[in-house]
Amino acid sequence: EARAAVSRMESSRSPSGELSPWVDEVALGQTYSLLGEMALAERAFEHVIRDAPSDPHPYEAWGAALLATGHPSEAISKLNLAIERGPRWADPKEEMGEALAALHRPREAISYYQQAELFAPKWAALHVHWGEALDAVGDRRHAMAQYQLASELELSAADKTKVDARLKALQ
């Protein structure tokens, strides 16, 4: 299905190789990332960045794609650029926390979760990840508070199961 989507996007290129204006180059980069075609993903993200270097969104999307494909170290540089360009945007801060947690740096992750919470206090997944980082550093009381807060917000079924299990384990 992803390869079919890439084929449709690629077929929309003009003779000069440029994508038609309606095609989302960021989505193309994300799709290439999920397919493991990192060089093509990089080219797609760089195309957007070349046209809009001050926009945080392509940097965040690139960082998120790297994170989703198991490249947290590489994600950090892109997420830092997104944070610099969009300091009041929670997403890259939360994703930076995820990248740092994946690198076994939970104390640093906590700092980014705290920053993200200033701009998205009702983001349930943020509180789940924050609780995991607090739990990783042995702060059970605050981890439990984050899980409790997450359980009061709208959670996916998978996160709800995870939070319920973590709350039970921490009691």
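**Exercise 1.** Against which helices do the buried residues of α8 pack?

*Solution.* The model is a predicted one, in which local features need pLDDT of at least 70 and side-chain atom pairs count only at pLDDT 80 or more, while totals for chains, interfaces and linings use all residues. Residues are numbered from 1 along each chain as its sequence is written, and side-chain values use heavy atoms, with hydrogens and water left out.

Begin with the extent of α8, which covers residues 124–136 and reaches 19 Å from its first C-alpha to its last, close to the 18 Å expected at 1.5 Å a residue (1.5 Å times one less than the number of residues; helices are DSSP runs of H or I, at least four residues, numbered from the N terminus). Next, 10 of the 13 residues of α8 are buried (under 20% relative accessible area, with a 1.4 Å probe and protein chains only), among them His 127, His 129, Trp 130 and Asp 135. These buried residues pack against α6 (90–102), α7 (106–119), α9 (140–152) and α10 (157–170), where contact means heavy atoms within 4.5 Å.

**Exercise 2.** Which residues of α9 are buried, and how are they arranged around its axis?

*Solution.* The buried residues are Ala 143, Gln 146, Tyr 147 and Ala 150. Seen down the axis of α9, they fall within an arc of 95° (taken from the directions from the helix axis to the C-beta atoms), so they line one face of the helix. The face turned away from that buried side carries Arg 141 and Glu 152, which are exposed (over 50%).

Notes. Helices (H or I, at least four residues) and strands (E, at least two) are DSSP runs, numbered from the N terminus.
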